[in-house]
Amino acid sequence: MNENIINYKKVWVLFKKEFRFFFFSPIAYICICLFLIISGWVFFSQFFLFNQAEMREFFRNLPFFFAIVIPAITMGLFSEEFSVGSYEMISTTSVSIPDIILGKFLAACAFMFVALVPTFIFPISIAFLGDLDFGPVLGGYIGSVLLIGAFAAIGIFSSSLTKNQILSLIVSIAICVPLTFIVFMDQFLPPFFSDIINDLSAAARFSNIAKGVIDWRDVLYFLSVIFIALYSTKLVLERKK
Amino acid sequence: MISVRGLKKFYGEVKAVNGVEFDIQKGEIVGLLGPNGAGKTTTLRMLTGYLTPTEGDVTIDNLSVIDNLSDIKKVIGYLPESAPLYGDMAVYDYLEFIARVQEVGESDIENRIHYVSDKCSLNQVINKKISELSKGYKQRVGLAHAIIHDPAILILDEPTSGLDPNQIIEIRELIKELGKEKTVILSTHILSEVEATCSRVIIINKGCIVKDASTDNLMADAGAANAVYLQIKTGEPKKAVGDFLKFKGVNKVDVSEGYAGLKDVFVFSDSGNDIREEIYKKIKESDWSLIEMRKEKQTLENIFQELTKEA
């Protein structure tokens, strides 16, 4: 099968199309607005309570917001194409399945990065209020990039499973939310399990990076989640043939 | 050019395509004809590599679709049923996108877009959003999509379904035009479409081929079993009319009461000879009035019904 070769020129063409589509989609705008409003509100309501010039609370809450927002913006990526039938159109042109998956994945990530840009206002305004340590902030944003990648890959995977967008949304939330919340389970479990759970939890990995300590194991965790989800998507799409 | 061998596709217990075999030469326009659910779309999807056969193989220029999909895709232009396009894009942007995806050289892209939009008469709507177009225009954008990379083979799934009569004629003309330089396979359940556009017909039913013939041969076969239809004004009873017209060379006469006291008569000849002149002379002997007389061919509809009726 020469269908596995990735042609980066075509990935770029597909990426541009998908990225533009996000800006046509009201759902994507609504999700981003809600994300910015709620995350900003939650953050600042705690910020003045603690009275500390730091972003820790913002990044602590971020995985939960992402676990909802990213499935919502990725739910239609394949589902909608299946239900409209355009997947048949695009997949019979000279693009390979990996080209299509990568184009969608990168576009979803890029869109979320754009959504993250307005939050730069938080550290900038905090820096005026007090002495902000930029190390953890930078770590937080690097962690966000990895987290977005992991959740977007999961969202794309669940979108490839069905032509029903709502079902796809539920499946990806059902994966992303436990992956995030699982870290809070460790108090109820024996130490051995709690270690495993800490290893598996996206929120725990993310909070390590967000402290400003970038450990290659944490990075590898996110890259593995991305790879496994995207590879599974490829298998799903091949099985549909 | 295209060779299909032992092609099967099963969905669990359902045998959508069950052992289809045919060869298509360069330059043919082949109509894949069959009732709904016969396996036409599934067959076409396997030709394009969108579906993988359960058994059997499709080879195009001696390359297997299963093993050489990315090479095969370059020589095929495919229009799925009802042209599912990206509605949010403008026609030009969509064609440009597809041209890039289909590896049209950067310097050629503009020329190709102009060429296909001329060919498919899209110039008027080139800047409109696809979702705002009529069905006929959408179908033409779909055809433009299929030919943008100048493929040798065009595969069209029900290219005229859902169009109004004018649009149907336009699309058929376009397909014929494209068929001059390309090999075309189209599926349809409309028989007149095959008569109008195709040089060859493959009739498929329940996943199997039931007839594979050139359109001319099929029509000739259809013509052989000929009958003459008459409409007569007479007070005579049906039996008398039947007996009167059963002269030498006539095999069978069917008489039925038509509207306004007229009689509808079918006269079947023995040999397939044209017996209209004899019938006319015969009626001239009587005091009946001949209202209408025409040669009744066994139509493609009849053949189709016979071949695809429930066993």
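Predicted model: local features only at pLDDT ≥ 70, side-chain atom pairs only at ≥ 80, totals over all residues.
Q: Which residues touch the most other members of the largest nonpolar core?
A: That core has 135 residues, and those touching the most other members are A:Ala108, A:Ala150, A:Phe151, A:Ala152, A:Ala153, A:Ile156 and B:Tyr94.

Q: And what does A:Ala150 touch, leaving out residues up to four places away in sequence?
A: With those left out, A:Ala150 touches A:Ala202, A:Phe222, A:Val225 and A:Ile226.

Q: Switching to the two chains, how many residues are in contact?
A: On the chain B side there are 22 residues, which are in contact with 20 residues of chain A. The elements of chain B that give two or more residues to its side are helix H2 (69-75) and helix H3 (91-101).

Q: What is that side of chain B made of, in nonpolar, polar and charged residues?
A: It divides into 11 nonpolar, 6 polar and 5 charged residues.

Q: Now for chain A, how do helix H3 and helix H8 cross?
A: The axes of helix H3 (residues 56-74) and helix H8 (residues 134-159) of chain A come within 9 Å and cross at roughly 25 degrees. Angles under 35 degrees count as roughly parallel, and H3(A) and H8(A) are therefore roughly parallel to each other.

Q: Is that crossing left-handed or right-handed, and which residues make the contact?
A: The crossing of H3(A) and H8(A) is right-handed, and the contact involves, among others, A:Phe59, A:Leu62 and A:Phe66 of H3(A) with A:Leu147, A:Phe151 and A:Ile156 of H8(A). The residues of this contact divide into 13 nonpolar, 5 polar and 1 charged.

Key. Residues numbered from 1 in each chain as written. Chains lettered and ligands numbered in written order. Core = buried A, V, L, I, M, F, W, Y, C linked by C-beta atoms within 7 Å. Buried ≥ 20, exposed ≤ 12 C-beta atoms within 10 Å, placed from the backbone. Contact = placed C-beta atoms within 7 Å. Helix = DSSP H or I, 4+ residues; strand = E, 2+ residues; numbered from the N terminus. Nonpolar A, V, L, I, M, F, W, Y, C, P; charged D, E, K, R; others polar. Axes fitted to C-alpha atoms, helices over the stretch in contact; angles between N-to-C directions. Parallel < 35°, antiparallel > 145°, perpendicular 65-115°, else oblique. Left-handed = near helix turned anticlockwise from the far one by under 90°.
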